[in-house]
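Let's walk through this structure together, from its cores out to a helix pair and a loop. Have the model open beside you as you read.

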Amino acid sequence: MLDFLGDLRRTHTCGALRAPDSGKQAVLMGWVNRRRDLGNLIFIDVRDRTGVTQVVFNKERDPAIHQKASTLRNEFVIAVTGKAKQRVADTINKNIPTGEVELIAQELRILNDSRQPPFLPSETVLPNEEMRLKYRYIDLRRDAMQQNIELRHKVSIAIREHLSAQGFFEIETPFMTRSTPEGARDYLVPSRVQPGSFYALPQSPQLFKQILMISGFDRYFQIVRCFRDEDLRADRQPEFTQIDLEMSYPQPERVWEVVEGFLSAAFKAAGHEIGTPFPRMSYDQAIRLYGSDKPDMRLPAMTDVRQAFTSDNLAALAVNPDLPIVAIRIPQVGELSRKERDEIKAMFLAKGSAKLFEDFKRLEKSFPQSTAGIRQEIAAEANDLIVVVAGDGKPGEHKSEGGVKREVKQHDHAVYTAAGLLRIALGQKYADRHGAFKKSGVPANDFRFLWVTDFPMFEWDEDGQRWAAAHHPFTSPHEHDMDKLESDPAAVRALAYDVVLNGTELGSGSIRIHRQDIQSKIFHALGMTEDEARSRFGFFLEALEYGTPPHGGIALGLDRIVMILAGADSLREVIPFPKTARAVDLMVDAPTPVSEAQLKELGIVVKK
């Protein structure tokens, strides 16, 4: 028979009692974590989010309460009143903070019973992820999940306190707004009172935060939920949380200082000190040195070693002398077997644009002078793994009519990115041989932050056969590149920047366009007519006409930051109620069909 809580009040959490508390009366409340029945003595470990305390039920002292304790099972919810007692030396549990004391039970209330759970929070071997997500309320009771959610809370509080101290106002923006398709697909919400019309859930508060700058709030931030209907992966969810901020009158460096400040506070809350200012690198440098716009600098940079080979060497290797030849070095890997070298070929994902030379020793036999020069240039040591990636194809075949330089650059880019993907794959493959990568997360205190700057303003959309905004259409171009907007869009640099940590993009931002004449030029460069621009962004374009100050900002993914700090492999480990890779919530069984009456009221017909 179950008991009521009544007016009984908890005096201590389950992780609070220590040896000096011996002799004190205490009331503990929590779940039965473990039960051991030794006949006259029953030991119950009672658990809450702060820890575990051992409770002792003695048959000789109180047969009735002992009998009641014999009915307890895992995950029952109980309240226990008793006196704290210091354990004798040989029974102390050094693995838990409360291990020097135990509670001698005087009263037991069984507040709720429990079915046998499909798995126990105390189990060290986890069930499959589907089971964990279906019974998320059980999974969240585990110590690791409790710690991850607590970490998320501490990081959020630290960020809020820092930004508030810097003069930022936290201001909420609407969840139900208009659809402005740009990039990922919107989640749409039908309007009952405006039949045939839809709201969209925000992919970002982008336009609202810019309007807040027009409104004179000067410094805004928000830790906000955003929504994108896109394919999922380990570091992506359909709904996610971002740290969003905007400032008036900034240079990019001012935004960076603010971000470095709140990241320092966030990491300090998690027990880590990070150095500032972060290094800075242009987009072009990042591609050349790391083959990625989000470089992981825990491994050595790549090196273009084209000059080490003679023209005869290049002809013998059947590589394109107009394209880069990139050497990748992974330190201290040691000797590889033939099988392992064949596995490197399988990691190489380039499709025709680049060529792999995975056996450097074979290259050394054929080209000893060139490879000696490469070893010296990349500062290779005896046990380092070296592979070479070169441009495929014949000389000149990648140039368009008239030898337009950006076409050559585009194919350089293909070689660099193919090499960059292989570099990361090799680093992850040989994690056991090189300490930079750990499956359980980054090594303690090895946080390699970086600002990547000067992104391209536009990228070519093959499907639409037009230029598209590489960031978003409200990003300002470099002042010195304004004259190239129509004559050479590929050469225009954006005042855009990303903050990167260990190969993960934490956030992306830019200085915005605050002048309507420049905004019109950008829309024109993107192939938008004036009518189309007014139809999609009319309210914002009108706001720009009323004295808009220069402004800029950034948004960082809170989920990703906490994932890295927790040493987790997936965002699902740091989000209380995540979706699966198929965007399904297994616990509540969503999404789900709705009734015909609901659809009719909204004027919606579902076609299968």
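A residue is called buried under 20% relative accessible area, exposed over 50%, and partly exposed in between, with a 1.4 Å probe and protein chains only. This is a predicted model, in which local features need pLDDT of at least 70, side-chain atom pairs count only at pLDDT 80 or more, and totals for chains, interfaces and linings use all residues. Residues are numbered from 1 along each chain as its sequence is written, and side-chain values use heavy atoms, leaving out hydrogens and water.

With 15% relative accessibility, Ile274 counts as buried. You will find Ile274 in the loop between α6 and β11 (280-282); helices (H or I, at least four residues) and strands (E, at least two) are DSSP runs, numbered from the N terminus. Setting aside residues up to four places away in sequence, Ile274 touches Leu263, Ser264, Phe267, Phe447 and Phe449, where contact means heavy atoms within 4.5 Å.

Now turn to α6 (residues 252-269), which packs with α4 (residues 143-165) at an angle of about 145°, the axes being 8 Å apart. Axes are lines fitted to C-alpha atoms, for helices over the stretch in contact, and angles run from 0 to 180 degrees between N-to-C directions. Among the residues making this contact are Ile159 of α4 and Phe262 of α6.

Finally, look for the largest nonpolar core, which has 47 residues. Such a core is a set of buried Ala, Val, Leu, Ile, Met, Phe, Trp, Tyr and Cys residues joined through side-chain atoms within 4.5 Å. Helix α12 (residues 405-429) gives the most to this core, with 7 residues.
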